[in-house]
Amino acid sequence: MNAVIEIDLHGMNLDEARDALDEALRNTDMSVYRVRAIHGFNSGTAIQQMIRREYGMHFKVIRVAKGPANGQTDLILREY
C-alpha cells in the first residue's frame, strides 16, 4: 500500500516542527512515499522555509515540493 503521512505543525515553533518531522521520517517504512507537512501560511513562512532549507538535503528525502494546498509542503521519499 502506498502511503502519505500528514504532520500538522500548526502552533509549533521551529524546534518543535523539526522534532515532529524528524520523528515522522524516522518512523517511515517502505509503504510511505510522501510526508506532508501542514504548516499554514497566515502566520508567516518560517517553518516552510526551514523545511525547504533543511529537508531538501535529508538522506531520506529525494525532493521537496509544494503541497496540494497553500500552507503545505511535501517531502518526497520516493516516486510512486
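This is a predicted model: local features need pLDDT of at least 70, side-chain atom pairs count only at pLDDT 80 or more; totals for chains, interfaces and linings use all residues.
Arg 34 belongs to strand β2 (residues 32-38) and Asp 74 to strand β4, so the pair ties together parts that are 40 residues apart in sequence. Colour both residues by accessibility: Arg 34 is buried, at 13% relative accessibility, and Asp 74 is buried as well, with a relative accessible area of 1%.

Salt bridges that share partners join Glu 6, Arg 34, Arg 36 and Asp 74 into one network.

Remain in strand β4 (residues 72-76) and select Gln 72, which lies in this strand. Gln 72 has a relative accessible area of 15%; because the limit for a buried residue is under 20%, Gln 72 counts as buried. Leaving aside residues up to four places away in sequence, Gln 72 touches Arg 36, Ala 37, Ile 38, His 39, Lys 66 and Gly 67.

Now move to helix α1 (residues 14-26), where Asp 15 and Arg 18 both lie, 3 residues apart, about one turn of the helix. A salt bridge links Asp 15 with Arg 18, with 2.9 Å between the closest N and O atoms. Arg 18 is partly exposed, with a relative accessible area of 21%.

Finally, select Arg 53 and Glu 54. Their side chains meet in a salt bridge of 3.7 Å, N to O. Glu 54 is partly exposed, at a relative accessible area of 29%. How many salt bridges does the model contain? The count comes to 7.

Note on methods. Residues are numbered from 1 along each chain as its sequence is written. Side-chain values use heavy atoms; hydrogens and water are left out. Helices (H or I, at least four residues) and strands (E, at least two) are DSSP runs, numbered from the N terminus. Buried means under 20% relative accessible area, exposed over 50%, partly exposed in between (1.4 Å probe, protein chains only). Contact means heavy atoms within 4.5 Å. A salt bridge is a side-chain nitrogen of Lys or Arg within 4 Å of a carboxyl oxygen of Asp or Glu.
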